[in-house]
Amino acid sequence: MRERLLRESPLVRVKRATRAAESRAGAGLIVREEAFLGHLSLRGKAQDPHFAGGVSGVMGDGLPIVPNTLTELNGNTMYWLGPDEWLIVTPDESRRRIEHDLRRALAAQHFALTDVSGGQT
């Protein structure tokens, strides 16, 4: 018999403990978890038109190239992490398709793409 895997957020116990005490009245800052999103680490040269064009073709928008900025489109967010590094955050159901499409679009380029979803929440 095949076992069913239980998928739960690393913060599930924190959520249960704080749910009863939750009050937003007068809160200056509200922090909440966005569980089960896909996280892809992308590295490459933004100055390379083939790299930038390949990413833009898949994501529908250009890479953010200004420090500490992001681009958002269709539920996907690309965060600038460094001059040659971005974090792509996507709905989990889109993660594998985006990874596959980026690998195809960038196949002839010098790049690194790593799925880091399991280590983030």
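**Before you click**

The model is predicted, so local features need pLDDT of at least 70 and side-chain atom pairs count only at pLDDT 80 or more, while totals for chains, interfaces and linings use all residues. Residues are numbered from 1 along each chain as its sequence is written, and side-chain values use heavy atoms, with hydrogens and water left out.

**Stop 1: the whole chain**

Start with a cartoon view. You will find 3 helices and 5 strands, in the sequence pattern α-β-α-β-β-β-α-β. Helices (H or I, at least four residues) and strands (E, at least two) are DSSP runs, numbered from the N terminus. Now colour by accessibility: 30% of the 121 residues count as buried. Buried means under 20% relative accessible area, exposed over 50%, and partly exposed in between, with a 1.4 Å probe and protein chains only. Among contacts between residues at least 6 apart in sequence, 52% join residues at least 24 apart.

**Stop 2**

The axes here are lines fitted to C-alpha atoms, for helices over the stretch in contact, and angles run from 0 to 180 degrees between N-to-C directions.

Zoom in on strand 3, which pairs antiparallel with strand 4 over 5 bridges. Here Thr77 stands opposite Val89 in strand 4. Strand 2 is joined to strand 3 by 4 bridges, again antiparallel, and Leu73 faces Asn76 in strand 3.

**Stop 2: Asn74 and Asn76**

Select Asn74, in the loop between strand 2 and strand 3. The hairpin of these strands has 2 residues between them, and Asn74 takes a positive phi near 55° there. Most residues other than glycine have a negative phi. Is Asn74 buried or exposed? With a relative accessible area of 67%, Asn74 is exposed.

Move to Asn76, found in strand 3. At 10% relative accessibility, Asn76 counts as buried. Leaving aside neighbours within four places in sequence, Asn76 is in contact with Met59, Thr71, Val89, Thr90, Pro91 and Ile98.

**Stop 3: the helix pair**

Show helix 2 and helix 3 together. Their axes come within 9 Å and cross at roughly 150°. Helix 2 passes helix 3 in a right-handed crossing; a crossing is left-handed if the near helix is turned anticlockwise from the far one by less than a right angle, and right-handed if clockwise. For the contact itself, display Gly54, Val55, Val58 and Met59 in helix 2, which meet Ile98, Asp101, Leu102 and Ala105 in helix 3. By class, this contact has 6 nonpolar, 1 polar and 1 charged residues.

**Stop 4: the nonpolar core**

Which residues touch the most other members of the largest nonpolar core? Of its 15 residues, Leu42, Phe51, Val55, Leu63, Trp86, Ile88 and Leu102 do. A nonpolar core is a set of buried Ala, Val, Leu, Ile, Met, Phe, Trp, Tyr and Cys residues joined through side-chain atoms within 4.5 Å. Strand 1 (37–43), helix 2 (49–59), strand 3 (76–82), strand 4 (85–91) and helix 3 (92–105) each supply at least two residues. Helix 2 gives the most, with 3 residues.

Centre on Phe51. Not counting residues up to four places away in sequence, Phe51 touches Leu42, Arg43, Gly44, Lys45, Ala46, Leu63, Trp86, Leu106, Gln109 and Phe111.

**Stop 6**

Next, select Phe36, in the loop between helix 1 (12–19) and strand 1. Its phi is near 60°, a positive value in a residue other than glycine. Phe36 is partly exposed, with a relative accessible area of 35%.

Finish at Gly119, in the segment after strand 5. Gly119 counts as exposed at 70% relative accessibility.

Terms used. Contact = heavy atoms within 4.5 Å. Pairing = 2+ DSSP bridges. Nonpolar A, V, L, I, M, F, W, Y, C, P; charged D, E, K, R; others polar.
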